[in-house]
Amino acid sequence: MTPRRPIEIVGGGLAGLSLGLALRRAAVPVTIFEAGDYPRHRVCGEFITGLAPATIARLGLAPFLADALHHREVAWFIGSGADGPPARLQKLPSPALGLSRHALDHRLAEAFIAAGGDLRTRTRVADTASDPGRVWATGRRRGQSPWLGLKIHARGLALSRDLELHLGDFAYVGLAPVEDGSVNVCGLFRRRELCAKGAHLLLGYLQAAGLTVLAARLAASALEAASFCAVAAVGFDRHVAAPADHRVCLGDTCARIPPFTGNGMSMAFQSAETALAPLLAYSCGATDWTATCQAIHHALRRRFRLRLATATAVHPFLFHPTRQRLLAALNRAHLLPLRPLYAALH
Ligand SMILES: Cc1cc2nc3c(=O)[nH]c(=O)nc-3n(C[C@H](O)[C@H](O)[C@H](O)COP(=O)(O)OP(=O)(O)OC[C@H]3O[C@@H](n4cnc5c(N)ncnc54)[C@H](O)[C@@H]3O)c2cc1C
């Protein structure tokens, strides 16, 4: 067999690990550098929408998703009325998958090692000029942003439907059951000066956002302190920007979609899927690195253009109290086009 050029991947999240595994299965030498370790909790709503069977098959993801819950119905709550009926029930065209990042990332990491991949954990790579064969999948880029993401797992928290989405003042929160019987509670909040830590910080943010009924439901459940995590400076992109130098950027490093879509994980997998064939061609010596980077960038732009534009346009309506009232009025008048919106977002 022709010797393969090696690929290095910086970042062992969903994009990096799924790509690394798929390349290893094609006998490409792959090293993944990961700043953290496994298993670990991540700030994530932990429901996956829009992941097509073809992507699952191409990346060989089925064994890792086997015990994911299938969520079909979403209950939307606007403001504090979570003890009343939902403002809107939404039937998803295809089920969303409920699976913890604690399990998913760990499973992918173990499979990558078992496939002969070289996984270097606790290794942070400096962001210098990129070498040929190096792929960047380092997650969200740092920058100024007013948003904060918080998440915790809760036990004994009954939901009114498969998934709940709650809109508060400058906040939205998703409740999604995952494979181990707990409910993942994850919210995006505008930053405030609150003096609390861990679960108390999340409860404080819920109350400050006017989501008092939800805060009380959470306080009455068994919160798993070890699962609490937070992420600051969360930002979103309208399109896939061209990388500064010739480099391949995948997952959140290529573009971040607002989390209400439940589509960021799918995009991480889809970006790995998109990059796979050009990287295999590069590894075999059929193309050079510049052409590989350009091919991947153009394909990602095309694939994600519509959903990024739609999601960033809808996002402010979920946060801002005045726009939420408009949303609620449109909903009451049955003028919310949820189906076409869902199609544009996936
Ligand atoms: C509040 C919130 C809720 C969300 N909810 C959902 C949801 O319900 N459904 C959904 O599909 N998506 C959701 N998302 C988005 C989703 O979490 C991301 O889109 C997804 O994790 C992106 O995967 P990734 O592999 O690109 O990045 P990540 O999963 O972030 O992985 C990047 C990895 O790179 C490592 N790394 C970073 N820098 C370096 C470095 N210099 N050297 C080495 N390693 C490095 C990090 O440690 C990390 O492990 C949410 C996001 C937020 C903020």
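Visitor: Which side chain does the side chain of Arg134 join in a polar contact?

Guide: Happy to take you through it. This is a predicted model, where local features need pLDDT of at least 70, side-chain atom pairs count only at pLDDT 80 or more, and totals for chains, interfaces and linings use all residues. Residues are numbered from 1 along each chain as its sequence is written, and side-chain values use heavy atoms, with hydrogens and water left out.

The partner is Glu8: a polar contact of 2.8 Å joins its side chain to that of Arg134. A polar contact here is a pair of N or O atoms within 3.5 Å; within protein, one must be able to donate a hydrogen and the other to accept it, and residues adjacent in sequence count only if both atoms are side-chain atoms. Arg134 sits in strand β7, residues 134-136 (strands are DSSP runs of E, at least two residues, and helices runs of H or I, at least four, numbered from the N terminus). With 12% relative accessibility, Arg134 counts as buried (buried is under 20% relative accessible area, exposed over 50%, partly exposed in between, with a 1.4 Å probe and protein chains only). Beyond neighbours within four places in sequence, Arg134 is in contact with Glu8, Val10, Val125, Val248 and Trp289, contact meaning heavy atoms within 4.5 Å.

Now to the salt bridges. Side chains of opposite charge can pair when their charged atoms come close. The whole structure holds 19 salt bridges, each a side-chain nitrogen of Lys or Arg within 4 Å of a carboxyl oxygen of Asp or Glu.

One of them pairs Asp127 with Arg247, with the closest N and O atoms 3.1 Å apart. Asp127 lies in the loop between β6 and β7, and Arg247 in the loop between β12 and β13, so this pair ties together parts 120 residues apart in sequence. Asp127 is exposed at 58% relative accessibility, whereas Arg247 is buried at 12%.

Another joins the side chains of Arg155 and Glu224 at 2.6 Å, N to O. Arg155 belongs to strand β8 and Glu224 to strand β12, 69 residues apart. Arg155 is partly exposed at 34%, and Glu224 counts as partly exposed at 23%.

Salt bridges with shared partners also join Glu34, Arg40, Arg42, Arg101 and Asp105 into one network.
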